[in-house]
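I opened the model to look up ring pairs, salt bridges and pockets. My entries follow in the order I made them.

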Amino acid sequence: MKKTAYLLLACVAAGFFAAETESAACTNILVTKGASADGSNMISYAADSHTLFGELYFHRAADWPEGAMLDISEWDTGKRLGQIPQVGHTYQTVGNMNEHQLIIGETTFGGRPELYDSTGIMDYGSLIYVALQRARTAREAIGIIAELADTYGYCSSGESFSIADKDEVWVMDLIGKGYKEENGENVRKGIVYVARRVPDGYICAHANQSRISTFPLDDPENCIYSPDVISFAREMGYFDGADEDFSFCDAYNPLNFGALRGCEARTWSAFNILCDGRFTFEDEDGNTVTEDAYSYIDYAMGYDASKRFPLFVKPARKLTVKDVADAMRDHFEGTPMDMTTDIGAGGNALPYRWRPMEFEYEGETYVNERAIATQQTGFWFVGQSRGWLPDVIGGLLWFGTDDAATSYLTPIYTSTYRVPECFAEGNGDMLTYSPTSAFWICNRVANACYRMYDVMAAFVRERIDSFENSQMETVRMVDSQALDLYEKALDTPRRQIRRNDQARKTVDPYAQVRDFLTDYSVETAQGIFREWTDLEVTLLIKFMDGNVKAQNPDGSFVTNGYRGDIPDGITNPGYTEKWKEAVVRDHGDVLRCR
């Protein structure tokens, strides 16, 4: 996500950091099937914006008459940008996945401001969601994204796209070419880009900074790029070396302190977590190299841009959905950037810093950290493309809303006939509270935890872990039952059936499969939503006024024996040692007992 990020590159050093991290603040992790525990390709995405409402976008497959047009509106603002011709058939999309198990996520890197083209029709959000409706594979999506931008113009700043299908995972860095008018038209309309296939068995990540540097010029199986990506950089004065030395990120998104500390640090942290502190990768000569993650810490912290860590690394183990989801909950715990350990965390180790992201003191400028998990997340997900299963079963979107650290992911099969009410579009917005919206109840739980984070967030996390771990087991059983229904459908002649959420009759040989998966997806999402509604009440009762009330195994509160009595077992957790030290230094002479 971003808001007018093309203006951000005018800022430098800490000023850039503050502006960039407020506006462009998403994180993606890409996992190939050879690096995953179950053989799925995975992409995680946190759509972070202070103005994005978390909901699950849903568009049915459809047939369109010849001459039909598609309205294009900017994802960030809703502003109408124009129209493009519609295709004859569009695929069903559920969030950032489609019915063919294609997944697309993004992070905004801004890039050079002169390459923004306000006359374009396609913004980055439209590229994602139109491509999902039209592409079956990652390679098709890359081609469609490039064609749409080149044909109709691109009106966003630089973007990194994560694209996965059942077989391949790709990272694609792209940026517009600005505006140059000749005979009333923009002769620079379109984008330059590089897309690289993540080697099987490896993972990738990006967080608002272009990460593709040099790339193979003659390896179309693993690298696709626009024909003018190098020549355009020469024309603009961004590069003057040999073609083989060309680096996309250095030409189109040069590093500065903000890009390192606010963006690359998140990618480093994701790798550090998933690789257990050891980065294994292939060097330029094809040799396998293993290095300590902390050999790159000065790069991640913005002190030394000379040692860039690799684009692709091998994880320390085969990764599960839970591994990836938990990496998305990171606050740099255990690193020099740990947000829970300095006095900014207050007395209860709060790993958040409210905006603005920089401050001045006695003539010096300082920055707060920007971790993967953040308070302003609209929605987030881990998408799984599972090639060993038919498409009607294989596509699985683990979806959640608000801050990843205090919210759950619930499984939604992408063949669903409908989405749960708690995620439905139009069920509330950023200025309209809805008691039936997951976004709002997850915000209530998160904001409750912020007041006594070290105690309350741990209580919430236990419930997140219990739910997600149980659902990973349940999904295996649901897959098996759905596969039985699928195999029966293969042996059943096509017949007229009625979809339970449509008035018309339609032919759908896998209707029973989809009904079953729809019911599971909707009921599970609504069930955990109800639990989170109750959880917010429990948080109020249990942690009211800084106290912690003990609970019985059944969840009831320990009392003196009478309902409503002041309960036994009230404790007062107090404050962190860091906070006590700071208070004593600041006001100890007055507070010291005598």
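**Entry: ring pairs**

I began with Phe 53 and Phe 439, and both are buried. I kept in mind that this is a predicted model. I counted 38 aromatic pairs in it. For Phe 53 and Phe 439, I found the ring centres 4.6 Å apart and the planes at 55°, so I logged the pair as tilted. Phe 53 sits in the loop between β2 (41-48) and β3 (58-59), and Phe 439 belongs to helix α10 (residues 438-449), so this pair ties together parts 386 residues apart in sequence.

Next I took Trp 75 and Tyr 124. Their ring centres are 5.8 Å apart and the planes stand at 70°, so I noted the pair as edge-to-face. Trp 75 is in the loop between β5 and β6 (80-85), whereas Tyr 124 is in helix α2, so parts 49 residues apart in sequence are tied together. I found both Trp 75 and Tyr 124 buried.

**Entry: helix α2**

How many residues of α2 are buried? I counted eleven of its eleven. Among them are Tyr 124 and Tyr 129, along with Gln 133 and Arg 134.

**Entry: charges over rings**

I checked which charges sit over rings. Arg 112 lies over the face of Tyr 238, at 3.9 Å from the ring centre. Lys 307 lies over the face of Tyr 296, at 4.7 Å from the ring centre.

**Entry: salt bridges**

I found 33 salt bridges in the structure. One of them joins Asp 167 and Lys 33 at 3.6 Å, N to O. Asp 167 is in the loop between β11 (158-164) and β12 (169-176), and Lys 33 is in the loop between β1 (27-31) and β2, so the bridge ties together parts 134 residues apart in sequence. I noted Lys 33 as partly exposed, at 29% relative accessibility.

Lys 166 lies in the loop between β11 and β12 and Asp 391 in helix α9 (residues 391-394), so the parts tied together are 225 residues apart in sequence. Is Asp 391 buried or exposed? At 19% relative accessibility, Asp 391 counts as buried, because the cut-off is under 20%. Lys 166 is partly exposed, at 26%.

I also logged Asp 519 with Arg 418, a salt bridge of 3.7 Å, N to O. Asp 519 is in helix α12 (residues 511-543) and Arg 418 is in the loop between β24 (410-413) and α10, 101 residues apart. Shared partners join Lys 322, Asp 326, Arg 329, Arg 461, Asp 465 and Glu 468 into one network of salt bridges.

I put the largest pocket at about 900 Å³. It has 27 lining residues, and the closest to its centre are Arg 196, Thr 214, Glu 282, Asp 283 and Glu 284. I sorted the lining into twelve nonpolar, four polar and eleven charged residues.

The second largest pocket has a volume of about 760 Å³. Of its 31 lining residues, His 59, Ser 73, Trp 75, Tyr 129 and Glu 425 lie nearest the centre. Here β5 (69-73) and α2 (124-134) are the elements that give two or more residues to the lining. By class I found 13 nonpolar, ten polar and eight charged residues.

Notes: Residues numbered from 1 in each chain as written. Predicted model: local features only at pLDDT ≥ 70, side-chain atom pairs only at ≥ 80, totals over all residues. Heavy atoms only, no water. 1 Å grid on protein atoms, 1.4 Å probe; cavity = no way out; pocket = protein on both sides within 12 Å on 5 of 7 lines; lining within 4 Å. Points joined across faces, edges and corners; volume = space filled by probe spheres on them. Nonpolar A, V, L, I, M, F, W, Y, C, P; charged D, E, K, R; others polar. Helix = DSSP H or I, 4+ residues; strand = E, 2+ residues; numbered from the N terminus. Phe/Tyr/Trp six-rings, centres within 6.5 Å; stacked < 30°, edge-to-face > 60°. Buried < 20%, exposed > 50% of the residue type's maximum accessible area, 1.4 Å probe, protein only. Lys NZ or Arg CZ within 6 Å of the ring centre and 35° of its normal. Salt bridge = Lys/Arg side-chain N within 4 Å of Asp/Glu carboxyl O.
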